[in-house]
Amino acid sequence: MHIDLNADLGEGCDTDEQLLTLVSSANIACGWHAGDAATMRRSVRWAIQNHVAIGAHPSFPDRENFGRSAMQLPPEEIFAGMLYQLGALDAIVRAEGGRMTHVKPHGALYNQAAKDAVLANAICAAVRTFNPELSLVGLAGSELIAAARHADLNAVEEVFADRAYEADGSLVARSKPGAMIESDEEAIAQTLSLVMDKQVKAIDGSIVSVNAQTVCLHGDGPHALDFARQIRARLHDARIAVRAVA
């Protein structure tokens, strides 16, 4: 058994370089919600040094709110914005001698595309136009995954170690109580259930089937590095290999 561990990087955290020794895939912010050209270049260099798969982490144009504000933009604007961000990161990756393997939308763009087929299709159209060999990472079982498959992209279904789930398989909104799992032990138990049993206990107590291909480890929490180490150790104990899926 194996699983991919991914982290969102280049967002201003001091632990990025160390975190890249523990994950198999990195999603690097492209400047619209966080990061800049110099940060992107550093993140790419560290990823290459640690043989970590490099992906773009594009967002809505919402730096003021870290890409977490809901936006209603026309599909052509989404398409153009995606190309802009993918191109920026890809140029740096190529210049550093690497290869971009995947795309994972950020924040509100990710969450809205999980339920909005029009938005999901615009994202996938941009990825396919830019490079049809790129994988598209989205919430497991979401509209974004369905759109990626419809666009003949390699769809990678993502689950979250420290986020609570609704009964329909969506994530509990951050604005709701209990959205974040604060206990490391509970988050590790949820991760093992997702990876080994392909299921998760929803916030209402029901059991939801989930296809886990990659697990997101948030890199911006106070204990991100320690938690990543704990996850790696528990996966090792369970004889689950960690390797990139994209």
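How many aromatic pairs does a search of the whole structure find? The search finds 2. The model on screen is a predicted one, and the tour starts with these pairs.

**Stop 1: Trp 32 and Tyr 84**

Select Trp 32 and Tyr 84. Their rings form a tilted pair, with 5.7 Å from centre to centre and 35° between the planes. Trp 32 is in the loop between strand S2 (25-29) and helix H2 (37-49), while Tyr 84 is in helix H3 (residues 75-95), so the pair ties together parts that are 52 residues apart in sequence. Trp 32 counts as partly exposed, because its relative accessibility is 24%. Tyr 84 has a relative accessibility of 56% and counts as exposed.

**Stop 2: Tyr 110 and Phe 160**

Now select Tyr 110 and Phe 160. This aromatic pair is edge-to-face: the centres are 6.0 Å apart and the planes make an angle of 85°. Tyr 110 belongs to helix H4 (residues 107-113) and Phe 160 to strand S6 (residues 154-160), so the pair ties together parts 50 residues apart in sequence. Are these two residues buried or exposed? Tyr 110 is buried, at 4% relative accessibility, and Phe 160 is buried too, at 5%.

**Stop 3: the nonpolar core**

Select Leu 89, Ile 123, Leu 136 and Leu 217. These residues have the most contacts inside the largest nonpolar core, which has 74 residues. Helix H5 (residues 117-130) supplies the largest share of this core, 7 residues. Next, show what surrounds Ile 123. Apart from neighbours within four places in sequence, Ile 123 is in contact with Ile 78, Met 82, Pro 105, Leu 109, Ala 113, Leu 136 and Leu 144.

**Stop 4: helix H8**

Select residues 224-237, which make up helix H8. The helix has 14 residues and reaches 20 Å from its first C-alpha to its last, close to the 20 Å expected at 1.5 Å a residue. Colour Ala 224, Leu 225, Phe 227, Ala 228, Ile 231 and Leu 235, which are buried. Turn the view to look down the axis of H8: the buried residues fall within an arc of 160°, so they line one face of the helix. An α-helix has 3.6 residues a turn, so residues three or four places apart point the same way.

What do the buried residues of H8 pack against? They pack against strand S1 (2-9), helix H1 (16-19), helix H7 (184-197) and strand S10 (241-242). On the other side of H8, select His 236 and Asp 237, which are exposed.

Key. Residues are numbered from 1 along each chain as its sequence is written. This is a predicted model: local features need pLDDT of at least 70, side-chain atom pairs count only at pLDDT 80 or more; totals for chains, interfaces and linings use all residues. Side-chain values use heavy atoms; hydrogens and water are left out. A nonpolar core is a set of buried Ala, Val, Leu, Ile, Met, Phe, Trp, Tyr and Cys residues joined through side-chain atoms within 4.5 Å. Buried means under 20% relative accessible area, exposed over 50%, partly exposed in between (1.4 Å probe, protein chains only). Helices (H or I, at least four residues) and strands (E, at least two) are DSSP runs, numbered from the N terminus. Contact means heavy atoms within 4.5 Å. Rings of Phe, Tyr and Trp (its six-membered ring) pair if their centres lie within 6.5 Å; planes under 30 degrees apart count as stacked, over 60 as edge-to-face and the rest as tilted. The expected span of a helix is 1.5 Å times one less than its number of residues. The arc is that of the directions from the helix axis to the C-beta atoms.
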